[in-house]
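Biologist: Could you take me through this model, one feature at a time, and say how each conclusion is reached?

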Amino acid sequence: MQLYQNQEIKIYNTLSGQKEVFKPLTEGYVGMYVCGPTVYSNVHLGNVRTFMSFDMIFRYLKHLGFKVRYVRNITDAGHLEDDADVGEDKITKKARLEQIEPMEVVQRYTVDFHNVLKTFNFLPPSIEPTATGHIIEQIELIKTIIDNGFAYEVNGSVYFDVHKFNETNNYGILSKRKLEDLIHNTRALDGQSDKKNPQDFALWKRAEPQHIMRWPSPWSDGFPGWHLECTAMSTKYLGDNFDIHGGGMDLKFPHHECEIAQSEAAKGQSPVNYWMHANMLQLNGQRMSKSTGNTVNPDELLSGNNTFFSKAYAPSVIRFFNAQSSYRSILDLTDDGLLASEKGFVRLMDAVNLLDKIEASNTSTFNVSEWKQKCYDAMNDDFNSPILIAHLFDAGKFINQIKDGNATISSDDLEILKTTMNDFVFDVLGLVNSSSGDTTSTSTGTDKLSGAVELLIQLRKEARDNKDFALSDKIRDELAEIGIQLKDGKDGTTFSTN
Ligand SMILES: [Zn+2]
């Protein structure tokens with residue numbers, strides 16, 4: 001008997017615009033595809049939020065006993081700067097600017113992506129396919145779409161015929177757009193003269209002579225379109241029709257809309273039963289953007305080396321902060337928000353740590369079984385982690401009351417409480433207990449560390465006041481050697497750890 005047999009999960013399906021009871025195609029098995037990063041730069045914190053939300057969903061489905069095949073791709077070719085099939089390939093551009101091979105760009109940022117995700121305690125996906133590793137599958141898919149009459153070749157490039165498709169199918173079904181409105185709103189761009197209509201999108205692009213990343217095909221030496229990659233990789237590993245497809249909200253259109261069109265055109269059926277979209281991450285109430293400078297990368301957030309936040313935050317605090325909002329809400333990253341999450345996280349860990357110290361009595365003054373089901377109900381309701389956390393805090397209060405002698409728990413209930421707390425805090429939310437050494441800036445242990453470093457900062461200041469620069473430099477350098485950086489500012493010296 002698996003847990004999922006006693007639980008009814010509802011998922012908000014972007015396709016229908018409502019919560020639906022989740023019924024996998026094959027009982028006990030779940031196929032889930034999430035669009036991975038385009039590895040041309042360090043992973044963006046907004047993307048980390050998306051992947052963190054799907055990591056929690058993956059963890060919960062696994063916890064319920066489903067056998068989950070989670071496919072998350074790496075886009076290492078074909079993603080152009082502009083959604084309208086113009087502009088340079090993002091990876092090729094980076095390679096040109098840095099004068100290195102495109103595959104060096106891919107390697108560097110794939111490694112960065114994996115490192116960041118590991119820091120945040122992500123579970124690896126079951127399969128992590130790359131676009132360049134699936135060129136043959138993409139070419140075959142294009143041939144089928146051409147044979148079925150939904151794509152055409154011009155000058156070595158192949159385009160999907162959106163107008164033709166829309167005669168028999170519904171282009172815009174996911175993003176609730178109408179082709180007529182799209183036609184009305186599309187501006188004509190240079191470089192699109194090959195297309196019959198501006199709404200058409202590239203399945204294959206002929207490579208210009210200087211384009212390094214190129215593969216032979218029946219139409220030209222070129223490269224595949226970005227939307228096609230995900231259709232080829234998702235259906236190869238999960239089948240022509242699979243359970244869950246996820247990604248960031250910004251991918252709904254055109255990327256996911258085009259995936260649906262390609263699948264319907266090639267295979268005659270809609271590829272996905274439940275479309276899930278994670279909402280965006282903002283910084284201080286504003287959209288994150290490199291061009292306005294309103295952006296912080298994961299390393300800067302973790303090290304405290306940035307101008308937005310008063311201190312460094314541990315990975316689990318950031319995970320906890322993310323889980324305190326629904327994956328479907330906009331999440332606003334602020335210093336106050338993170339400070340509050342840090343306090344909450346420490347409080348929760350203190351309660352978990354107390355579980356091993358409290359003693360059982362004959363009776364319970366708290367309905368533990370009912371509480372446990374409430375935790376499941378929260379997650380069953382479209383993975384509503386903020387409600388789950390509210391229930392975990394209720395348990396925390398109860399644990400503290402037991403410690404203070406104001407409540408009692410039976411030994412059976414204590415076992416249920418321990419197991420359930422551990423399951424949700426560590427397995428499902430993916431938090432790491434601060435007393436086991438994960439966090440750098442929270443918990444009683446690290447409060448002691450902070451105290452010790454503050455003392456050294458004070459001694460260094462005294463050394464500098466006495467013009468003993470040899471000693472002040474020694475304190476700074478030796479702290480740096482063990483991974484503690486001092487930063488002198490106008491309000492005094494602060495420190496961060498890595
Ligand atoms: Zn994708």
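Biologist: In which helix is Pro254 found, and which residue does a cis peptide bond join to Pro254?

Modeller: In this predicted model, Pro254 is found in helix H8. Most peptide bonds are trans. The bond in question has an omega of about 0 degrees and is cis, and the residue that it joins to Pro254 is Phe253.

Biologist: What should the 16 residues of helix H8 span, and how far apart are its end C-alpha atoms?

Modeller: Helix H8 covers residues 252–267, and at 1.5 Å a residue it should span 22 Å, which agrees with its end C-alpha atoms being 21 Å apart. Just after H8 comes Gly268, with a positive phi of about 70 degrees.

Biologist: Is Thr235 buried or exposed, and which residues does Thr235 touch beyond four places away in sequence?

Modeller: Thr235 is found in helix H7, and it is buried, with 22 other C-beta atoms within 10 Å. Leaving aside residues up to four places away in sequence, Thr235 touches Asp240, Ser263 and Pro271.

Biologist: At what angle do H4 and H7 pack, and which residues make the contact?

Modeller: The axes of helix H4 (residues 135–147) and H7 are 9 Å apart, and the helices pack at an angle of about 105 degrees, which makes H4 roughly perpendicular to H7. The contact residues are Glu137, Gln138, Leu141 and Ile142 from H4, with Leu228, Glu229, Thr231, Ala232 and Lys236 from H7. By class, these residues are four nonpolar, two polar and three charged.

Biologist: How are H1 and H14 oriented to each other, and which residues of H14 make the contact?

Modeller: Helix H1 (residues 45–63) and helix H14 (residues 411–428) cross at roughly 140 degrees, with axes that come within 9 Å, and they are therefore oblique to each other. The contact has three nonpolar, one polar and three charged residues. On the H1 side it is made by Met56, Arg59, Tyr60 and His63, and on the H14 side by Asp423, Asp427 and Val428.

Biologist: What is the phi of Asn121 and that of Asp382, and is Asp382 buried or exposed?

Modeller: Most residues other than glycine have a negative phi. Asn121, in the loop between helix H3 and H4, has a positive phi near 65 degrees and is partly exposed, with 18 other C-beta atoms within 10 Å. Asp382, in the loop between helix H12 and helix H13, has a positive phi of about 55 degrees. With 20 C-beta neighbours inside 10 Å, Asp382 counts as buried.

Biologist: How far apart do the C-alpha centres of domain 2 and domain 3 lie?

Modeller: The protein is divided into domain 1 (23–278), domain 2 (307–436) and domain 3 (443–497). Between the C-alpha centres of domain 2 and domain 3, the distance is 34 Å.

Methods
Residues numbered from 1 in each chain as written. Predicted model: local features only at pLDDT ≥ 70, side-chain atom pairs only at ≥ 80, totals over all residues. Domains from an automatic or database assignment. Axes fitted to C-alpha atoms, helices over the stretch in contact; angles between N-to-C directions. Helix = DSSP H or I, 4+ residues; strand = E, 2+ residues; numbered from the N terminus. Parallel < 35°, antiparallel > 145°, perpendicular 65-115°, else oblique. Contact = placed C-beta atoms within 7 Å. Nonpolar A, V, L, I, M, F, W, Y, C, P; charged D, E, K, R; others polar. Buried ≥ 20, exposed ≤ 12 C-beta atoms within 10 Å, placed from the backbone. Expected span 1.5 Å × (residues − 1).
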